[in-house]
Amino acid sequence: MTSFETPSFEASTGRRCHNAVNPLHASVYFAPEPQDELAALGLERGPMVYLASRAAPLGAVAAGTVTATFYNFNHEHVQRYIPAAWTVTTPAEVLAARLRGADRTLQRLLGNDALTSAEMTETAELALRATEACRREARPLYAANADLPVPEEPHLALWHAATLLREHRGDGHLAALAVAGLSGIEALVLHNATGTAPTSALFMRTRGWSAQQWDAARDRLRERGLLDEEGDLTQAGATLREETEALTDRLDAAPYDHLGPAATARLTELAEGFSGALRAAGAFPSVHFGRD
């Protein structure tokens, strides 16, 4: 399941809520506005913009820290852009620019009426309440973002809360991937084999992996019995993926336990409405999703 889809009834309550809220953050990765804002600082469009904007809450860190916390990026790829980005601009300037980019993206995709609605304010309040139970321990990307101020505007407060919830779950998911014995590229290949993840071409381009490295990772997964000869998930592969997601659910249960069933259901309902509007507005182009 990609984080941009409507979740199935089989997903856990927390996972379903995450999948509803996450697109409100993730829409910036496919939008031109954040690229424009960050390129105006002197950053190169594409990988440098992405790496700098997501790493900026950590400060002016070196490539090793980014590779470790992002997990599925080729370290040599990261080294091409980090720490070079910090010779062009500062993390503080990047953080201000990414917030401007998020503002412009949500304004374009949702419109002013949605952004100033009572539902937007309620969604932001519920999402921020959920973040009260997030834990910093062993969650570097969440912890770094949690140190940032909450924006005043409801739609930006929601974007900030969605970022916190995304990185909290993401940090836990990386721990689950490590338990599963999956390297960064192997996790990407296994995810891509579902047919609902970003394409292999997008993964390789944005994460810096070559076709040869991708094929080698696929071969290793075949040797483990997780993929068949056609590159599809075997039953063992599907089981490992679900076990990994189930462990991620357990590591990410605190925010939704804190909210309680009724408030979690309400947050899910409201967020699904806004996420559906994002999809309808073309926030997640279908060309970027699928096996190949």
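Student: How do H12 and H13 lie relative to each other, roughly parallel or roughly antiparallel?

Tutor: In this predicted model, H12 and H13 are roughly antiparallel. The axes of H12 (residues 184-192) and H13 (residues 200-207) cross at roughly 160°, and angles over 145 degrees count as roughly antiparallel.

Student: Within what distance do those axes come? And is the crossing left-handed or right-handed?

Tutor: The axes come within 10 Å. H12 passes H13 in a right-handed crossing.

Student: Which residues meet there?

Tutor: From H12, Leu188, His191 and Asn192; from H13, Ser200, Phe203 and Arg207. Sorted by class, that contact has two nonpolar, three polar and one charged residues.

Student: Now H9 and H17. What is the angle there?

Tutor: Their axes cross at roughly 130° and come within 9 Å, with H9 covering residues 118-131 and H17 residues 261-280. That angle makes H9 oblique to H17.

Student: What makes the contact?

Tutor: On H9, the residues are Glu119, Met120, Glu122, Thr123, Leu126, Ala127 and Arg129. On H17, they are Ala263, Arg266, Leu267, Leu270, Ala271 and Phe274. By class, the contact of H9 with H17 has eight nonpolar, one polar and four charged residues.

Student: Which hand is that crossing, left or right?

Tutor: H9 passes H17 in a left-handed crossing.

Student: Switching to His155. Where is it, and is it buried or exposed?

Tutor: His155 lies in helix H11, residues 154-179. His155 counts as buried because its relative accessibility is 7%, and the cut-off for buried is under 20%.

Student: What does its side chain pair with in a polar contact?

Tutor: The side chain of Asp103, at 2.7 Å.

Student: Which residues is His155 in contact with, leaving aside neighbours within four places in sequence?

Tutor: Asp103, Leu106, Gln107, Leu115 and Met120.

Student: Last one, H3. How many of its residues are buried?

Tutor: Eight of the nine residues of H3 (residues 47-55) are buried, so the helix is largely enclosed by the rest of the structure. The buried ones are Met48, Val49, Tyr50, Leu51, Ala52, Ser53, Arg54 and Ala55.

Student: What is Pro47 in contact with, sequence neighbours within four places aside?

Tutor: His77 and Tyr81. Pro47 is also 8.8 Å from Gly208, C-alpha to C-alpha, with the two 161 residues apart in sequence.

Technical notes: Residues are numbered from 1 along each chain as its sequence is written. This is a predicted model: local features need pLDDT of at least 70, side-chain atom pairs count only at pLDDT 80 or more; totals for chains, interfaces and linings use all residues. Side-chain values use heavy atoms; hydrogens and water are left out. Helices (H or I, at least four residues) and strands (E, at least two) are DSSP runs, numbered from the N terminus. Buried means under 20% relative accessible area, exposed over 50%, partly exposed in between (1.4 Å probe, protein chains only). A polar contact is a pair of N or O atoms within 3.5 Å; within protein, one must be able to donate a hydrogen and the other to accept it, and residues adjacent in sequence count only if both atoms are side-chain atoms. Contact means heavy atoms within 4.5 Å. Axes are lines fitted to C-alpha atoms, for helices over the stretch in contact, and angles run from 0 to 180 degrees between N-to-C directions. Angles under 35 degrees count as roughly parallel, over 145 as roughly antiparallel, 65 to 115 as roughly perpendicular and the rest as oblique. A crossing is left-handed if the near helix is turned anticlockwise from the far one by less than a right angle, and right-handed if clockwise. Ala, Val, Leu, Ile, Met, Phe, Trp, Tyr, Cys and Pro count as nonpolar, Asp, Glu, Lys and Arg as charged, and the others, Gly among them, as polar.
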